[in-house]
Amino acid sequence: MQFNRKLVSLFWSVVVLAILVLTWIGLEKAYPDIAAIRYLPDRLFRLVKTLMGNDPLGSGLEAPAVPWELIAAKLLVTLVLIRGLMKIVGSVFRDNVTQLRAALKRRHTIIVGAGRKGRSIATDLREQHGEKAVIIEQQSAHKSSADLRRAGHLVLAGDATSKAMLRSAGALKARQVICFARDQKTGIQVAGRLRELWSAPSAADDNGCDCYVHLDNPRLVDVFLGHDGAHTQAVRLHFFNLQRMMARSLFARLPQELGPVLQDGSVRKLRVDLIGFSLPGQAILLQGLRVLHLGLEHGVEWHVWVDANACSAAREQLVASHPLADRVADIRFHGVDAQYRALLDAQAGEGDGTLCLVICALDDDDASMAAAAEILHATPTGNFPVFARCEDSSGLATLLSGSSQRLKLFGNVQELCTVEMICGELQDRMAQAIHADYLQLVQETAGESSAYKTPWAALNEDARDANRAQADHLPYKRMLAGGDVSQIDEQGLEFLAMIEHQRWAAHRYLNGWRFGPERDDERRLHPSLLPWAELSDGEREKDRDAVRRLGQIQTLGKVVG
C-alpha cells in the first residue's frame, strides 16, 4: 500500500509536535518548580535535547516516578531517530541495492535519460505493458528520479556511455535499450558501448538486444546501419527521429481537419504559413512537401516565417540539404515581427479559393503557444486553423486549447514516446504493408531496383522512406476519393494516379533525384521524373495500378498491424 507524500509528511509533523507537547507536560510533572519563568531557558534546552535523542531528565535510566508523557516522548523520539537512520542508510546504499536489483533482472528495458521523453516512455511501459524499467540518468539529483522510483522503476545515477554503468544496469541481459539522451552523440556512444559489451565471449544470450537511438539527421541512419552488419550482430540498432514522428503525426490529422473544406471543390490553392525553421519546422516542411499533393489548380504555397536576420540563412540551409525542394512546391521565406502583422496582411490579401492554415513550430512550447495566441487574438473572425507545437499539454496549453476551436495542438511527447511508437514502429505499419505488397508484385518479375527487393528489416533508409511517403499519403487519397479508395470511377482513378505520380516525384526530388534518359541509382537519375502530361501511357499505368491496389494494401496493413 502506497501513501501520499503529503500524508507521510503530515504524519511525521504530528509525531514531532506530539514529542514537544509530551516533553513539555512531562517536565512540568517531573519538576513542579520548572513552571517558574526563570526555569524557562532550561525547559526549552531540555526540549531540544529530547528532539536530538537525549534523556529529558539527564540520566540514562528511568527514575521510579517518571511521568508517562516523558516515556511516550522518548519512544516517539526513538521512532524518529530510527527513521532518520534508515534514510541515511538508504541514501548511502541505495545505488548498491539498485544495482543488485538490476543485476537480477532479465529481458528488461533500459532507458537512458530521465527527462520528459524518458519519463513518458517509462510511464507507458509500466501502465500499458506492466513492466518496470532500469533508468540511467547522469544527473543524480534529477527532479524526476524520485517520481520514477516511487513508480517502481530502478534509477541509476551515472554516465550511460560507460561500459561499467551499462553492465551495472544489466545491459547484457536486457531485451532493449532506448536512448533519450540530451544529444544524439551520447546515444550513438551508448550504442557503441553496448555492442562492445555484447561482443565479449561472456555475452552468450541468443536473443540479442535491440537498441533504439534518436538521430536528428535521417541521412546518417544508413551510415550507422551499414557499419559492421547492423542487422546481424547481437545488438540490433534502430534509429528514430522524434521531430519527424511529430511531423508525420501532424499531417496524419490534416485530412480530417481540411477534408470538409477541400471536398466542396471551391479551393484552388492551399497556403501554409509555417512559423519557425529550427528542427521541428524543418521536419514539418519536409513532411508537408512529401504528402500535401491534393490536385489543386494552383497547388500549395509554403510561407516560412523566421527572424528577419535569419531569412537568408534559413533559405540557404534548405537549398543545401534539399536543393530541388522548389520543384515540389512554391517555398518563400519571410521575416516576422512580434505581432505577425506581415503574415496576417499577406493572408488577408489572398483572394477567394485559397485555403489557409498556420503552423507554429518554434523550439519552445511557450513561444509556439504565444505565437498562436497572438494570431488568434488578431483574427477573431478568421476561419483558418492554427496549429501549435506543444510537447507538454499541461499548463498554458490546457488553458488556451479550450479558448478557441481554431487552435489545434500537436507534438505531445506522451503520444509520441510510447513503446508502440518507438519500438513497435506503429507509424510504419502501413509502410510495411506497402512494401510487402510490392514484394509480392515483383516476386516473379524484374523489380524496380534490387535495393527495394529485400525484407523491411534490411531495407536502407531511402527505400523505407519511399514506402513511408506512400503510406502517409493514403489518408489524403481516401479524402479525395470521398472516403473509399476501392469505389472510384475511371475519372477518379486518373485523378488519383496523377496525384500519386506528383507525390512520387516529390519524394524523389527531396532525396536528390533528377531527370535522366536512363535510370542510374548511383547518380540518382530517373526517366520518369517528368510532368504527368509528358509520361508515356506505360508509365502512367504504374501509377494507376498503385491506386487500384490501395484497397488490398489497406487490408494487408490491418494484418501487419
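Arg-389 stands opposite Phe-410 in β12, in a model that is predicted. Four bridges join strand β11 (residues 386-389) to β12, and the two run parallel; strands count as paired if DSSP finds at least two bridges between them. Strand and helix names refer to DSSP runs numbered from the N terminus, with helices (H or I) of at least four residues and strands (E) of at least two. Residue numbers start from 1 along each chain as its sequence is written. Because the model is predicted, local features need pLDDT of at least 70 and side-chain atom pairs count only at pLDDT 80 or more, while totals for chains, interfaces and linings use all residues; side-chain values use heavy atoms, with hydrogens and water left out.

The pair belongs to an open sheet of six strands, ordered β9-β8-β7-β10-β11-β12 with parallel pairing. At its edges lie β9 (330-335) and β12 (407-410), each of which pairs on one side only. Neighbouring strands of this sheet are turned by 20° against each other on average, direction ignored. Helix α10 (residues 279-291) packs on the sheet and touches β7 (269-275), β8 (300-306), β9, β10 (354-360), β11 and β12; contact here means heavy atoms within 4.5 Å. The direction of α10 makes about 175° with that of β8. Such angles run from 0 to 180 degrees between N-to-C directions, and axes are lines fitted to C-alpha atoms, for helices over the stretch in contact.

Helix α10 itself has 13 residues and reaches 19 Å from its first C-alpha to its last, close to the 18 Å expected at 1.5 Å a residue; the expected span is 1.5 Å times one less than the number of residues. Twelve of the 13 residues of α10 are buried, where buried means under 20% relative accessible area (1.4 Å probe, protein chains only). Among them are Leu-286, Leu-289 and Arg-290, and these three residues meet Arg-503, Ala-506, His-507 and Leu-510 in α19. The two helices pack at an angle of about 145°, with their axes 7 Å apart.

Helix α19 (residues 490-510) also meets helix α20 (residues 537-548): their axes come within 8 Å and cross at roughly 110°. The two are therefore roughly perpendicular to each other, a term that covers angles of 65 to 115 degrees. On the α19 side the contact is made by Leu-493, Glu-494, Leu-496, Ala-497, Glu-500 and His-501, and on the α20 side by Arg-540, Asp-543, Arg-544, Ala-546, Val-547 and Arg-548.

A further set of parallel strands involves β4. Four bridges join β1 to β4, and four bridges join β4 to strand β5 (residues 209-214). Val-177 in β4 stands opposite Ile-110, and its bridge partner in β5 is Cys-211. In a regular strand the side chains alternate between the two faces of the sheet. In β4, Gln-176 and Ile-178 point one way and Val-177 and Cys-179 the other way, and all are buried.

Helix α4 (residues 116-129) has 14 residues and reaches 19 Å from its first C-alpha to its last, close to the 20 Å expected. The buried residues of α4 are Gly-118, Ser-120, Ile-121, Ala-122, Asp-124 and Leu-125. These residues pack against β1 (109-112), β2 (134-137), α5 (145-150), β4 (176-179), α15 (413-416) and α16 (419-422). Just after α4, Gly-130 takes a positive phi of about 65°.

Technical notes: Buried < 20%, exposed > 50% of the residue type's maximum accessible area, 1.4 Å probe, protein only. Parallel < 35°, antiparallel > 145°, perpendicular 65-115°, else oblique.
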